[in-house]
Amino acid sequence: MEEKKDKDPNEETLEITQKAIEMLKTVFDPEIPVNVYDLGLIYKIDYQPVDKSLHVDMTLTAPHCPMADFIMEDVRQKLLSVEGPEKLDLRLVFEPEWNQDMMSEEAKLELGYL
């Protein structure tokens, strides 16, 4: 087994980012059958190995989304379950404004945009 203390910071950052993406792909807007990552709602995932902090910027499909609290809490809980980060900075942002072009090809296909 590889010892964590000897891990390359770039490798650790990539690994944590991949784990965060995997977890984000399990969070769904209850009104849309596509996960928040493929919807393009995640604008930034930045892991800092120096202080073991995970910074995530996300948005919603609409500023007044009735499920905002539910979705944000689900994202928070899933990201807190990622092994490695000791701090989570989850920010809700509305710049740039989300639009359908931000969705993955899979999401567009699922929702009938392709």
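The structure is a predicted model, in which local features need pLDDT of at least 70 and side-chain atom pairs count only at pLDDT 80 or more, while totals for chains, interfaces and linings use all residues. Residues are numbered from 1 along each chain as its sequence is written, and side-chain values use heavy atoms, with hydrogens and water left out.

**Exercise 1. Span of a helix**

*Solution.* Step 1: helices (H or I, at least four residues) and strands (E, at least two) are DSSP runs, numbered from the N terminus.

**Exercise 2. The buried face of H2**

Determine which residues of H2 are buried and what they pack against.

*Solution.* Step 1: a residue is buried under 20% relative accessible area, exposed over 50%, and partly exposed in between (1.4 Å probe, protein chains only). Step 2: in H2 the buried residues are Ala68, Ile71, Met72, Asp74, Val75 and Leu79. Step 3: viewed down the helix axis, these buried residues fall within an arc of 160°, so they line one face of H2; the arc is that of the directions from the axis to the C-beta atoms. Step 4: Asp69 and Leu80 are exposed, on the face turned away from the buried side. Step 5: the buried residues pack against helix H1 (9–24), strand E2 (53–58) and strand E3 (87–92), contact being heavy atoms within 4.5 Å.

**Exercise 3. Salt bridges**

How many salt bridges are there, and which parts does the pair Glu12 and Lys52 tie together?

*Solution.* Step 1: a salt bridge requires a side-chain nitrogen of Lys or Arg within 4 Å of a carboxyl oxygen of Asp or Glu. Step 2: the count under this rule is seven. Step 3: Glu12 and Lys52 form one of them, at 3.4 Å from N to O. Glu12 lies in H1 and Lys52 in the loop between strand E1 (42–48) and E2, so the pair joins parts 40 residues apart in sequence. Step 4: Glu12 is buried at 15% relative accessible area, whereas Lys52 is partly exposed at 27%. Step 5: within H2, Asp74 bridges to Lys78, with the closest N and O atoms 3.5 Å apart; the two residues are four apart, about one helical turn. Step 6: Asp57, Asp89 and Arg91 are linked in a salt-bridge network.
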